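Dear colleague,

Please find below the structure that I am handing over to you, with its sequence. My notes on what was found in it follow directly after.

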Amino acid sequence: MRETTIGKAKGILKNFLIEPFVPHKQDEEFYVCIYAAREGDWVLFHHEGGVDVGDVDAKAQKLLVAVDDKLTEEMVTQQLLSHVPQSRKEVLANFIVGLFNLYEDLYFTYLEINPLVVTQDGVYVLDMAAKIDVTADFICKAKWGDVDFPPPFGREAYPEEAYIADLDAKSGASLKLTILNPRGRIWTMVAGGGASVVYSDTICDLGGVDELANYGEYSGAPSEQQTYDYAKTILSLMTREKHKEGKVLIIGGSIANFTNVAATFKGIVRAIRDFQAPLKEHEVSIFVRRGGPNYQEGLRVMGEVGKTTGIPIHVFGTETHMTAIVGMALGHRPIPNQPPADAHTANFLLNSNSSAATPASSRTASFSEPKAAADVTPAKKLKPGVPPAKATTLFSKQSKALVWGMQTRAVQGMMDFDYVCSRDAPSVAAMVYPFTGDHKQKFYWGHKEILLPVYKNMADAVRKHPEVDVLISFASLRSAYDSAMETMQYPQIHTIAIIAEGIPEALTRRLIKKADEKGVTIIGPATVGGIKPGCFKIGNTGGMLDNILASKLYRPGSVAYVSRSGGMSNELNNIISRTTDGVYEGVAIGGDRYPGSTFMDHVLRYQDTPDVKMIVVLGEIGGTEEYKIGHGVAEGRITKPVVCWCIGTCATMFSSEVQFGHAGACANQASETAVAKNQALREGGVFVPKSFDELGDAIRSVYDDLVASGVIVPAKEVPPPTVPMDYSWARELGLIRKPASFMTSICDERGQELIYAGMPITEVFKEEMGLGGVLGLLWFQRRLPRYACQFIEMCLMVTADHGPAVSGAHNTIVCARAGKDLVSSLTSGLLTIGDRFGGALDAAAKQFSGAFDSGLLPMEFVNKMKKEGKLIMGIGHRVKSINNPDMRVQILKDFVKQHFPATQLLDYALEVEKITTSKKPNLILNVDGFIGVAFVDLLRTCGGFTRDEADEFVEIGALNGIFVLGRSMGFIGHYLDQKRLKQGLYRHPWDDISYVLPEHMTM
């Protein structure tokens, strides 16, 4: 097979479609295409199809079908088929309408047929290219069937990519991996969809495009195990082939909004430790830059692993520009010996500045009651048929929000932000959560605890809180559309933030249409939200309080920004706070192809907001929205200085198409590339830096000019109020310690995998330990020998049941027939277990081992117990005797004699049995006694316990647990049996009761 070049991509053609030949004439070939746009779906038709169709965008007839509108044959005939012979118009109109309906029903985003052949015999599709919206899988799975998405031509499919895709599908987090050049020396492990594009851009800008090995990202707070799996996959790939110059691994990211950096770094550190030998062998250097919750601890752990393994790991935090490590890794800038360290998280949260004004004590302790409707400004009445205008100001200090979803961490973050901004009351009025009944949820307002109402449905929440004007929706991708559409029924809501990622594009477009009709601004989907310093923040935007304070987001600045990426919006907070007087407002519109509101929507808002003095835009590859900003500046509609950079410049350097982290980050034509947009913006009068590396410098330059000209007068800094740190976060940071309420040493469920006494559950099954082995781990914290595990299982089997007549089974049956549930019936039976029934295991073990250890002869032991008037526990049976032996005991005895290393106590008990049965044949060593003494032999001789440990387990009642566990199986069986037989209430018969009353009572 020969390598072929198509465009810039080189590869081997492996898949071919073989179709029947359709004889036809040139004038029977047509061209038809349907593709999605924000405002609807375009249908293109040209009466000349085939390979020589040419520039169809210029030549084809076009028809826009608006969102939710229907395409009719009349529309097609009038607007598309003007150059088609009359004899074929009906057939083509019918086909195109059917094709459009199929396109909508199966959630296509692009469908092109060229040529479409129409002959006397029928309609034939000779060649077709199509794209479907993969996020609609939960809607269309049954119709689509199993769809494989192959890599683009020029790039092979790797099993590692499939492995990460599978991890991604099973996780609520986002895990992406594309292998570009497996022999490359530059590997990346970047957190965040936007940040991953920025790092790839910077690598390519610095000449590393040919050595860039992969593109990928992890985000959305993956667990330690997921991060470990992702990291070990990359480390495995990069240590397969050596490179003469060694290799570099860039572990980068923007400032996280809610991901615990230390937790994710633990997974990466585990992978580095596992691969330390091959990493050193391949001369790998690692460069780390990260910020966000608990990032200081994450960086410390990462630096520590470098010291202990000898792998060169260079660690940087938010004091270092995000992409500076790329220049260091590629040798374009020096590596600082000791980078300046930012203050610790705790230093921000526990602000010790004595001049910090604490909010007035007049604040109420509860905000769970809604304000009266009289306090709310009534909405303006609109003329019929005129859609309401969208608000210029989305948030103020009086803004109130409903939060859809039980996102307590995000709500508490909003309240802490409100408190540090000295708001009079929390910005969250209530929560909506359909899966529980109406109730109150507890939160902190500064030092005080307050109650926030949670409603089962939106209607109740809106009716009881007429002051609410914002909805923050944490609904899942499956329910976000419905909840947002429902919310737009209520005129008081003018802003909706949709956090969910993966909403099908067709549904998003319907949301946009409805929002335009209602005058509602939508932020999202696929966003972290937005922030207005000193006023309001959406959910997790801005991260935790340490970042809020470090980036001065508790008071307004003069710079407003808009970004697609949530993580990069936090990076902009950092950059702007270091180069200007701070952020006035910032919005992340989301990474989807059709965000609810656009760059231009927010830029125009900022233009019309007097307190905004300059605007920053972080655009990206895909779409053409950024061009409108350039046109607005050129035409004078936007007069404030705009600094803009579009990320994704690396895409034009790749030989094959790469889908970046955001769904909308894909250029379908040359004008949608980041390079083209940056050039056009620069020509339109926008301030465009040479690269993202220089974005901060460009912002600083524009800001300094505004200060110099008097447009901006920096305000005096006022320290924010102190906010107490949550106990859980202080513990996470290692700032406090507290005695645990109780301790456990047998099980740990906190990690990725359940652990029994130090043994992962997968190992338990892999080694086929069985029930006896699990019991050994959980009860005795030991891996017991195989024979010991078998003996435990045999004990459970022989004690499982002994018929319905015994007291425990009887109680269980009576309880079951009284209509009680399984747990109540089982408990009733278990409560009868004691010295007289079933509970003799411990007592027998103690008595026999005490006598044996004290040196008493069997006869001396029997005489001593008789003299003291005590029964010998484990001796005697109501039915069985020396002449009618208990086969359960015989089975156990045969096994113990064959497998146990020694049976001293059992032999002693059997000698006692000889003495007792000589007096009465039913005074045998019963099953309780046998298990008791045999278990002592097991503990003492299996090699897993000291003598003291063995005696302690007997003393604390471990042996009775065997009977309780075994007999529970029988009791449950009796319960199910009675229910299955539908037995009624049990009443004991009178003739089985002897009524013995005092004589004076019978007179």
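I begin with a hairpin, in which two residues connect strand E3 to strand E4. Please bear in mind throughout that this is a predicted model.

**Strand E3 and its partners**

Strand E3 covers residues 29–37, and eight of its nine residues are buried. E3 and E4 (residues 40–46) run antiparallel and are joined by seven bridges. Within this pairing, Cys 33 lies opposite Leu 44 in E4. E3 also pairs with strand E6 (residues 108–119), again in the antiparallel sense, over six bridges. Here Val 32 faces Ile 113 of E6 across the pairing. As a general point, side chains in a regular strand alternate between the two faces of the sheet.

Strand E25 (residues 583–588) is mostly covered, with six of its six residues buried. Two strands pair with E25. Strand E24 (residues 559–563) runs parallel to E25 and is joined to it by five bridges; Ala 560 has Glu 585 of E25 as its bridge partner. Strand E22 (residues 530–532) runs antiparallel to E25, with two bridges between them, and Ile 531 is partnered by Gly 586 in E25. Together with helix H18 (residues 566–579), strands E24 and E25 make a right-handed β-α-β unit.

**Cysteines**

How many disulfides does the count give? The count comes to zero. Cys 140 is buried, with a relative accessible area of 1%. Cys 747 is likewise in no disulfide, the nearest cysteine sulfur being that of Cys 789, 18 Å away. With a relative accessible area of 29%, Cys 747 is partly exposed.

**Salt bridges**

The count of salt bridges comes to 38. In general, side chains of opposite charge can pair when their charged atoms come close. I describe a few of these pairs below.

Glu 626 and Lys 677 form a salt bridge through their side chains, with an N to O distance of 2.8 Å. This pair links distant parts of the chain, with Glu 626 in helix H20 (residues 625–635) and Lys 677 in helix H21 (residues 674–683), 51 residues apart. Are these two residues buried or exposed? Both Glu 626 and Lys 677 are buried.

Glu 763 and Lys 766 form another salt bridge, in which the closest N and O atoms are 3.3 Å apart. Both residues belong to helix H24 (residues 761–766), and because they are three residues apart, about one helical turn separates them. Glu 763 is partly exposed, with a relative accessible area of 26%, and Lys 766 counts as exposed at 60% relative accessibility.

Asp 853 and Arg 940 also meet in a salt bridge, at 2.8 Å from N to O. This pair too links distant parts of the chain: Asp 853 is in helix H29 (residues 840–853) and Arg 940 is in helix H33 (residues 927–941), 87 residues apart. Asp 853 counts as partly exposed, at 39% relative accessibility, and Arg 940 is partly exposed with a relative accessible area of 23%. Salt bridges with shared partners bring Asp 853, Arg 940, Arg 947 and Asp 951 into one network.

**Helix H21**

Helix H21 contains Lys 677, the partner of Glu 626 described above. Which residues of H21 are buried? Ala 674, Lys 677, Asn 678 and Leu 681 are buried. Viewed down the axis of H21, these buried residues fall within an arc of 100 degrees, so they line one face of the helix. The elements that cover them include strand E26 (614–620), H20 and strand E27 (642–647). After H21 comes Gly 685, which has a positive phi near 100 degrees.

Yours sincerely

Note on methods: Residues are numbered from 1 along each chain as its sequence is written. This is a predicted model: local features need pLDDT of at least 70, side-chain atom pairs count only at pLDDT 80 or more; totals for chains, interfaces and linings use all residues. Side-chain values use heavy atoms; hydrogens and water are left out. Buried means under 20% relative accessible area, exposed over 50%, partly exposed in between (1.4 Å probe, protein chains only). Helices (H or I, at least four residues) and strands (E, at least two) are DSSP runs, numbered from the N terminus. Two strands pair if DSSP finds at least two bridges between them. A crossover is right-handed if, with the strands pointing away from the viewer, the path from the first strand over the helix to the second runs clockwise. A disulfide is a pair of cysteine sulfur atoms within 2.5 Å. A salt bridge is a side-chain nitrogen of Lys or Arg within 4 Å of a carboxyl oxygen of Asp or Glu. The arc is that of the directions from the helix axis to the C-beta atoms. Contact means heavy atoms within 4.5 Å.
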